[in-house]
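Work through the exercises below with the sequence and the model at hand. Each task is followed by a solution in steps.

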Amino acid sequence: MKAAVVQAFGEPLVIEERPDPEPGPGQVRIRVEACGLCHTDIHAAHGDWPVKPNPPFVPGHEGVGLVEKLGEGVTHLTVGQRVAVPWLGKACGRCEHCLSGWETLCEQQINTGYGCDGGYAEKMLAWADFAQRVPEGVTAFDAAPLTCAGVTTYKALKVADVKPTQLVAISGVGGLGHLALQYAKIAGATVAAIDVTDDKLELATELGADIVIDARKQDVGAELKRHGGAHAAIALAVNPAAFEAVNSGLRRGGKLVMVAMPAHGTIQVPIFDTVLNGTSVIGSIVGTRQDLAEVFQLHAAGRTKVIYETRPLVSVNDSIDAVLRAEIQARIVFDLGAGS
Ligand SMILES: [Zn+2]
Ligand SMILES: [Zn+2]
């Protein structure tokens, strides 16, 4: 089977021929149909973050495909079933986080495409308990971006506890933002979408943004305040300045939810304003299995639209460059050919 491999940080990925991986106890092997390209994969390949993967490794945590082989003890999945393999590849199931509904914070977790090989491959392994069944009628290409971009933003809106009539600012309308915007609308919010390219601002309008803010020309904080200030701001743009800009547009009691992770990110949080206005700064990382099940349920019900373009896996390095040059409207999804 073919896999795109990070052999060393910062170097182009290499397409390698590898033997099919054998599922261990509790695992399944999946014939991958589609895998989205998340910005995290680029950070992984560059070794950008303090906790680093160990090359060689196969990135990809939006892998979707068909179960091909069951490891020992797997009884709830069957061969031929379509599943998605998210960032949360495995959690311990025993710690305080796992037991309190916060398995995403488990300190023993293994992350797909980071701590183990991911979906930039024709075949991959997954822990069966964490492979999410994809409902009938949801294509592998739609399911792929939902598996990280979808669940991550869906969870961020839950963390923000968004209520109908509230104003929600979505900072960055890309792979994550275009879904965040839709979840905010589903939650009943008025949505202000912020970006710096014309095509993303147009996409935001098409997807139902009530207010569109061009951060190249407009003062984000002042614009949000002009509308009363945001009850919640979801920071998805990979740029610390964008976090500060949107934080300055919160209304009293508002919440900044940090989701994007710039390679080197620190923001100034003004103490006086934060205390006086009672605002919060919260981090939100991906979502649980239940969150992903809900994301798929919404999509199966026709309530979300996933914007993507498909490319072959051999284009992996060009595709990464295109994302870094901000040329991609929403998401690239690699077509691994298992569906054809
Ligand atoms: Zn991701
Ligand atoms: Zn745990």
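The model is predicted.

**Exercise 1.** Classify Glu68 as buried, partly exposed or exposed, and identify the partner that its side chain meets in a salt bridge.

Solution. 
- Glu68 has a relative accessibility of 23%.
- The side chain of Glu68 forms a salt bridge with that of Arg31, with an N to O distance of 3.7 Å.
- Glu68 belongs to strand β4 and Arg31 to strand β3; the two are 37 residues apart, so the bridge links distant parts of the chain.
- Arg31, at 32% relative accessibility, is likewise partly exposed.
- Both residues belong to a salt-bridge network that also includes Asp20, Glu22, Arg29, Lys69 and Lys123.

**Exercise 2.** Determine which parts of the chain are tied together by the salt bridge between Glu62 and Arg331.

Solution. 
- The N to O distance between the side chains of Glu62 and Arg331 is 2.6 Å.
- Glu62 sits in the loop between α1 and β4, and Arg331 in the loop between α10 (316-324) and β17 (332-335). The bridge therefore ties together parts 269 residues apart in sequence.
- Glu62 and Arg331 are both buried.
- The structure has 23 salt bridges.

**Exercise 3.** Find the donors of the zinc ion (ligand 2) and name the geometry of the arrangement.

Solution. 
- The donors are the SG atoms of Cys92, Cys95, Cys98 and Cys106, at 2.3 to 2.4 Å.
- Along the chain these donors have the spacing C-x2-C-x2-C-x7-C.
- The angles subtended by the 4 donor atoms are 106 to 117°. A tetrahedral assignment requires all angles to lie between 85 and 135 degrees, so the arrangement is tetrahedral.
- Cys98 is buried, because its relative accessibility is 14%.

**Exercise 4.** Which residues coordinate the zinc ion (ligand 1), and how are they spaced in sequence?

Solution. 
- Cys38 (SG), His61 (NE2) and Cys148 (SG) coordinate this ion at 2.0 to 2.2 Å.
- Their spacing in sequence is C-x22-H-x86-C.
- Cys38 lies in the loop between β3 (27-36) and α1 (39-46), while Cys148 lies in helix α3 (residues 140-160), 110 residues apart.
- Cys38 has a relative accessible area of 4% and is buried; Cys148, at 6% relative accessibility, is also buried.

**Exercise 5.** Locate Leu66 and list its contacts beyond four places away in sequence.

Solution. 
- Leu66 is in strand β4 (residues 63-70).
- Its relative accessible area is 17%, so Leu66 is buried.
- Leu66 touches Arg29, Ile30, Arg31, Glu33, Gly80, Gln81 and Arg82.

Conventions:
Residues numbered from 1 in each chain as written. Chains lettered and ligands numbered in written order. Predicted model: local features only at pLDDT ≥ 70, side-chain atom pairs only at ≥ 80, totals over all residues. Heavy atoms only, no water. Donors = N, O, S within 2.8 Å, 3.2 Å for Na, K, Ca; no water. Tetrahedral: all angles 85-135°; square planar, octahedral: opposite > 155°, others 65-115°. Buried < 20%, exposed > 50% of the residue type's maximum accessible area, 1.4 Å probe, protein only. Contact = heavy atoms within 4.5 Å. Salt bridge = Lys/Arg side-chain N within 4 Å of Asp/Glu carboxyl O.
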